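Please keep the sequence and the structure in view while reading.

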Amino acid sequence: MVKKKAASVQIEPLEMRHAPFLQRYASDAAIAATTPIPHPLPENWGENAARRAMFARDEGSYFCYAVYNGETFVGLCSVGLLQERPELYYFIGKPFWGRGYGYAAALAVLKRVFSEQGYPIIVARCLTHNPASMRILEKCGFQPNGTEEEERGTLAHYILKRDDFNRIEQARAGKDG
Amino acid sequence: MVKKKAAPVRIEPLEMRHAPFLQRYASDPDIAAMTTVPHPYPENGGEEFARMEMRKRAEGDPFTYAVYAGENFVGTCGVGLDKCNDQGLPELGYWIAKPFWGRGYGYAAALAVLTRVFSERGYPIILARCHEHNPASIRILEKCGFQPDGSETDERGIWFCYLLKQNDFNRIVPTKE
């Protein structure tokens, strides 16, 4: 069996110039359905999100990246300490769903943040009616860590240990090489 | 230069016994005008709010308080994780009952709550939003060390956003002698 390689994406620290892309793709109702992003999206949400990401990066508590495939902005992926524990967040613009960009972006960001920040664990949460996102987390090595009921459905909690991630990464690199 | 000390207030975890006070004071249209408190205020709004905050406390989001000056309930103040902001940031919220406006209770309450929250949690950044026509609230935030962070617009007008770094708060607000 040949395992598909992760799609090719590049990550760049989020900046103000990405705000119009955030605004465009985050305003889709399909994004709001599975993330905490509001719908309808406030007018200057993209700007606020980009500025806060930069503010919190200076503070050393949020590492937020624009995700590109070639020249195309396809989404956002970040790890933030905003609620005490480092947590992975992401969304991929709807036109770019189904191409493995979410998984590739999560891998790239986890790799960078684990190696630069040295966090022993990173957590993530996703709604159980979002199987695409659950698959991304599980492929990255996240382990289920309980659930929580909220208004929109069941929120699955996940936890990833750095040691587990590094072990899986090495195995992955071995296969590719 | 003698700096005025914050008015003396006491904060107590919000409970059902505070519901009648919440009901009485939150029904005031002048409270609704500056906050996200609904108007007209539902008949059992005070109870609902107290019950919701107690549930949140049980779920590990415990920082909503009743504010007292001597024997008088004067308002409510808290930092919560689910105040509908989409940035994943903990958010400060408060209102002071109209009969007690103009005495510095809002500032004192915000200081007390922020001090408690920062001593118990490692939040690096706390968000606050206040309505454009609420200069008293803007002053409270600025005195606590919040920095302006853009604005959001909705059908009720403009909401100024503010961010507070834990480091700035600790520098500005001296710890107790």
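## Terms and numbering

A residue is called buried if 20 or more other C-beta atoms lie within 10 Å of its own, exposed if 12 or fewer do, and partly exposed in between, with the C-beta atoms placed from the backbone. Helices (H or I, at least four residues) and strands (E, at least two) are DSSP runs, numbered from the N terminus.

This is a predicted model, in which local features need pLDDT of at least 70 and side-chain atom pairs count only at pLDDT 80 or more, while totals for chains, interfaces and linings use all residues. Residues are numbered from 1 along each chain as its sequence is written, and chains are lettered from A and ligands numbered from 1 in the order in which they are written.

## Helix α1 of chain B

The buried residues of α1(B) are L22(B), Y25(B) and A26(B). They cover an arc of only 90° around the axis, which puts them on the same side of α1(B); the arc is that of the directions from the helix axis to the C-beta atoms. An α-helix has 3.6 residues a turn, so residues three or four places apart point the same way. The elements covering the buried residues of α1(B) include α2 (29–32), α3 and β3 (72–80) of chain B, where a contact means that the C-beta atoms of two residues, placed from the backbone, lie within 7 Å.

## Helices α1 and α3 in each chain

Two packed helices are described by the angle between their axes and the distance between the axes. Axes are lines fitted to C-alpha atoms, for helices over the stretch in contact, and angles run from 0 to 180 degrees between N-to-C directions. In chain B, helix α1 (residues 19–26) packs against helix α3 (residues 45–58) at an angle of about 125°, with the axes 7 Å apart. That makes α1(B) oblique to α3(B), since angles under 35 degrees count as roughly parallel, over 145 as roughly antiparallel, 65 to 115 as roughly perpendicular and the rest as oblique. On the α1(B) side the contact is made by A19(B), P20(B), L22(B), Q23(B) and A26(B), and on the α3(B) side by G45(B), G46(B), E47(B), F49(B) and A50(B).

In chain A, helix α1 (residues 19–26) and helix α3 (residues 45–59) pack at an angle of about 125°, and their axes are 7 Å apart. That makes α1(A) oblique to α3(A). Here A19(A), P20(A), L22(A), Q23(A) and A26(A) of α1(A) meet W45(A), G46(A), E47(A), A49(A) and A50(A) of α3(A).

## Helix α5 of chain A

In helix α5 (residues 131–140) of chain A, the buried residues are S133(A), I136(A), L137(A) and C140(A). Seen down the axis of α5(A), these residues fall within an arc of 95°, so they line one face of the helix. They pack against α4, β5 (121–127) and β7 (153–161) of chain A. Just after α5(A), G141(A) takes a positive phi of about 105°.

## The nonpolar core

A nonpolar core is a set of buried Ala, Val, Leu, Ile, Met, Phe, Trp, Tyr and Cys residues joined through C-beta atoms within 7 Å. The largest nonpolar core has 96 residues, of which V67(A), A105(A), A106(A), A109(B), A110(B) and V113(B) touch the most other members. Helix α4 (residues 101–117) of chain A gives the most to this core, with ten residues.

Leaving aside neighbours within four places in sequence, A110(B) is in contact with C77(B), L92(B), Y94(B), I140(B) and C144(B). Y105(B) is found in helix α4 (residues 105–120) of chain B and, with 25 C-beta neighbours inside 10 Å, counts as buried. Not counting residues up to four places away in sequence, Y105(B) touches several residues, among them A7(B), V9(B), V67(B) and F100(B).

## Loops

The peptide bond between H39(A) and P40(A) is cis, with omega about 0°, and P40(A) lies in the loop between α2 (29–32) and α3 of chain A. In chain B, the bond from H39(B) to P40(B) is cis, with omega near 0°.

T34(A) also lies in the loop between α2 and α3 of chain A, and T34(A) is partly exposed, with 16 other C-beta atoms within 10 Å. Away from its neighbours within four places in sequence, T34(A) is in contact with L127(A), N130(A) and S133(A). E84(A), in the loop between β3 (72–80) and β4 (87–92) of chain A, has a phi near 85°, a positive value in a residue other than glycine.
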